[in-house]
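Student: Could you take me carefully through one part of this model, the place where two of its chains meet?

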Amino acid sequence: MLIRPKEGILDPQGQTVERALPALGFEGVAGVRVGRLVELEVEDPAQLPAMCEKLLANPLIEDYEIQTDDRPAANGAGA
Amino acid sequence: MSRHRELGLTDAEYELICEKLDREPNAVELAMFSLLWSEHCAYKHSRKLLRRLPTEGASVVMGPGENAGAVDVGGGRAVAFKVESHNHPSAVEPFQGAATGVGGILRDVFAIGARPIAVLDSLRFGEPASERSRYLLDRAVAGIGHYGNSIGVPTVGGEVYFEGPYEQNCLINAMCVGLAPRERLIRSAAAGPGNVLVLLGASTGRDGIGGASVLASAELDEADESKRPSVQIGDPFEESKLVECCLDLLEDDLLVSLQDLGAAGLTSSAGEMASKGGVGIDIDVARVPLREADMEPFEVMVSESQERMLCVVEPGRLDAVRGRCARWEVRATAIGEVTGSGRLRVLDGAEVVGDVPVAALVDECPLYDLVPAAPTAPLYPTPIRTLTGDDPREALLALLASPNLSSRRPLFQQYDSIVQSRTVRRPEQADAAVLALEGGGAIAMSIDGSGRRVACDPYVGTMAAVFECASNLACVGAEPLGLTNCLNFGNPEKPHIAWQLERAVDGLAEACRALDVPVVGGNVSLYNEGTEGPIYPTPVVGMVGSLPHPERAGRLGFAREGDAIAIAGGFHPSLPGGELAKLRGEPLPDRLPGFDAAKVRAAQEAIRDAVRAGELSSAHDIAEGGFLVAVAESCLAGGVGAALDLGPSDEPWTQLYGEGAGGFVVSGPREALDRFAERVPLDVFGTVGGDALGVAIGDWSFGATLSELREANSALAPLFP
Amino acid sequence: MKFGVVRFPGSCDEVDAQLAASRVGEAVLLWHGDRDLQGVDAVVVPGGFSYGDYLRAGAIARFSPVMESVFEFARDGGPVLGICNGFQVLCEAGLLPGALLPNVGLRFVCRHVDVEVVDADTPFTRACARGDRLTIPVKHTTGRYHPPAEGANVVLRYAPGHNPNGSEQDIAAVSNEAGNVFGLMPHPEHAVDPLTGSTDGLRLFESLAAPVAA
């Protein structure tokens, strides 16, 4: 799930990044928004929108985008 | 096999290990020895020297050797405190390095059963003209704030200095103060063969393994670099649960002993617990909760994953301990047991993968004598000149605007200084932080170090740093009870650094004796040098004192129009080695004038008593920048000006800007100061009032408005946009 | 008057709030895992970093068992005071309108600010008069208030020049429609003792403890 500040919400982190990039020589950058990435493995992807609405994002101030990929669950380390 | 060399052990040390084991160490054992026999853990080059420090005093409840020291503050209460460095990790990643430095020192304090109630920090960086130093400063302050604020412990004081020699080696020293009923204090000695070893807190990953990774049995390719992070990441939320859990367990007497996990992880904690208790410990790495799959036994034993504690529990109490930990949502896992063997054994399930005598690992590391020799040539470059001309007014404004003297408000506003509701004096209100204690009374604390002046004269410079700390306590009305210190130096194998270290320790010892203040604990950080040379020798001192009436705690700001202003105490300033000399680009002198320790102590006591009796409106130690800078600071803190007339003077520069121990700027009603003059050397020089600072001395007459002073003093603000 | 101060894992100012409330009544701590509100007359959701502020400040705490009871308590008209992290929890729980965002300056800020009383008719500001100026400390990284499109009942505003975090319309405190739930970013529990600074915060607790005029 990609969670971003809604359009129209002041995003000082995004603005700070947008100002810092030209100073490093990267021109032509606009529209920087800084958000959050939540990755998880889920058996029933139909639950994802409800998870976003209820916990993972705050719909008043954030938009979310769900990306799924159908790889079998990876082995190994989880936090 | 030269694996031992890659791990930092000398050939002689390796042979000694083989002798003690009666065979060669395997990979697990080699990893353990390489860490416990490192300078950082074993204090190979400093332990003998530290024996010169006085550690006894009537108030001492816990002296050096435990996780933190503690002093009695009356009413059945003890105050625990310690300072530690986190210099090298902070140079790599300053946010997490500073944050985990705070986390680590907090654990040392609650490991002895005291609730952390305050944090102070001492920071040193290169000049702010350097982008890297600005970056380190910004991130370190953010990291300290992040950890302290999140865990709900107020950061109530600190210091920050900027000098060229710290450009490649920044210093991050963190001090924690804690409070406990005396009977809740606990020691770390493991006891009782058959008792269970329980690991509390976060799961164990590969944090901090870094150098020891040469021992990995699997072939490492480039992609695996990321699996062995050298940066420890702190989790203050986990630690906040751990604090409450541990204090709860101690409150109900459920633990035999408690130890925190820091440098060298399970190896050093279990090793030290066993050594203190004269017992052995078996640890089964297969039972340790892991964050990463496929960790090898040596990795589990040396991991520096944060927010973990080790405790010893009687088998009959294990269920109660588990239940309590579940309530606080803290992981608790039995990972081993105390034995009578005197050996630290590492098991992986049923298989013994490491087996060493505790004494060899913890107590029998060879200690080295320093080979000191005074330097024959200057060790440090002359500071770069930033002030030209001969204008005393410009000098005042330049000093107030200099990075070392500018207001630290942009820093300390990033710290929560009020949580826990004890803070009676916050930064910039007084020379020391003051916390009121439940049950009555209050404690004061300050952290003070010195680099450049110790470089000029390690013995006098260190004595002066200790006396400055005690003077700061005196200005709020506190009597010092104990001291903790962090010694930050270069490579002690170099004779001139050894000379600095030895002279500094002797100065520290002499100052403690002169003040009757025992050392209750501390830390040493060596090898702080880079291609451009060593850091200034930098002893950092943290002191805690007590005062009976928090409502009478002293303030540094002028308070009342019409109050008289005086210098109290015998003040014998000199310019060389001071802040003005630095701005003028003068080379460091090769010694500093000594001072009369007994007289300075007497002045401190007189100031302390006068503050307690409410006789003074303000008291402020004269330190860096000298007398006029101290007056300007008192004007700014009080929001009011002053008119000074110092009369004729042969050396106005020295009188206004010279530095030295033992002088205080005090203010109060004229009659009160006249009475005070009967107990302490005192010269009245001016009056509080107006909105400007005016000075008449010799032929000079100059001044600056409060707003000019304030603007100059706000020079650090642009560093924190 | 009995106050209940909720304690989550990671709460920092719950004991401070308990101490402050004890000056005007009785105050107990309410464990996050218990649904029992112990018969309190008012609930305080305190400051701190509940659940580490992970995901979003207050996002996880709002689902605690105790919050189910607080929800019912509020629905039945019981007074609920949310301070700083508590304000964040109540917004996440939908008991207060709006949301708290990162400070415009992106840094933690701890200092005293002046707020002006906009609405003196609430159970939390009864002991004040409209226009009164209170000096109360703030300490937070995520305190920029964002009201919903339909607006919110503003109870306190930062005085001119005192907005520490970029809150829209200088809003420092809001209440719900019914007026029984109140949230503010400043910490009144840290302004109750002359020894440690301002005592202006005490008036909010006194308001709650005062008997209601008919």
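Tutor: What follows is a look at the interface between chain C and chain A. This is a predicted model, in which local features need pLDDT of at least 70 and side-chain atom pairs count only at pLDDT 80 or more, while totals for chains, interfaces and linings use all residues. Residues are numbered from 1 along each chain as its sequence is written, chains are lettered from A and ligands numbered from 1 in the order in which they are written, and side-chain values use heavy atoms, with hydrogens and water left out.

On the two sides, 16 residues of chain C are in contact with 15 residues of chain A, where contact means heavy atoms within 4.5 Å. The two chains bury about 1,300 Å² between them, and 69% of it lies on carbon and sulfur atoms; buried area is the accessible area (1.4 Å probe) that two parts lose on being put together, summed over both. Of the area that chain C buries against chain A, 40% is supplied by C:Leu55, C:Arg56 and C:Leu106, more than by any other three residues.

C:Arg56 also forms a salt bridge with A:Glu62, with the closest N and O atoms 3.8 Å apart, and the count of salt bridges between chain C and chain A is one. The term stands for a side-chain nitrogen of Lys or Arg within 4 Å of a carboxyl oxygen of Asp or Glu. On the side of chain C that touches chain A, strand E5 (99-101) and strand E8 (144-146) each supply at least two residues, and the largest share, three residues, comes from E5(C); strands (E, at least two residues) are DSSP runs, numbered from the N terminus.

Methods
Helices (H or I, at least four residues) and strands (E, at least two) are DSSP runs, numbered from the N terminus.
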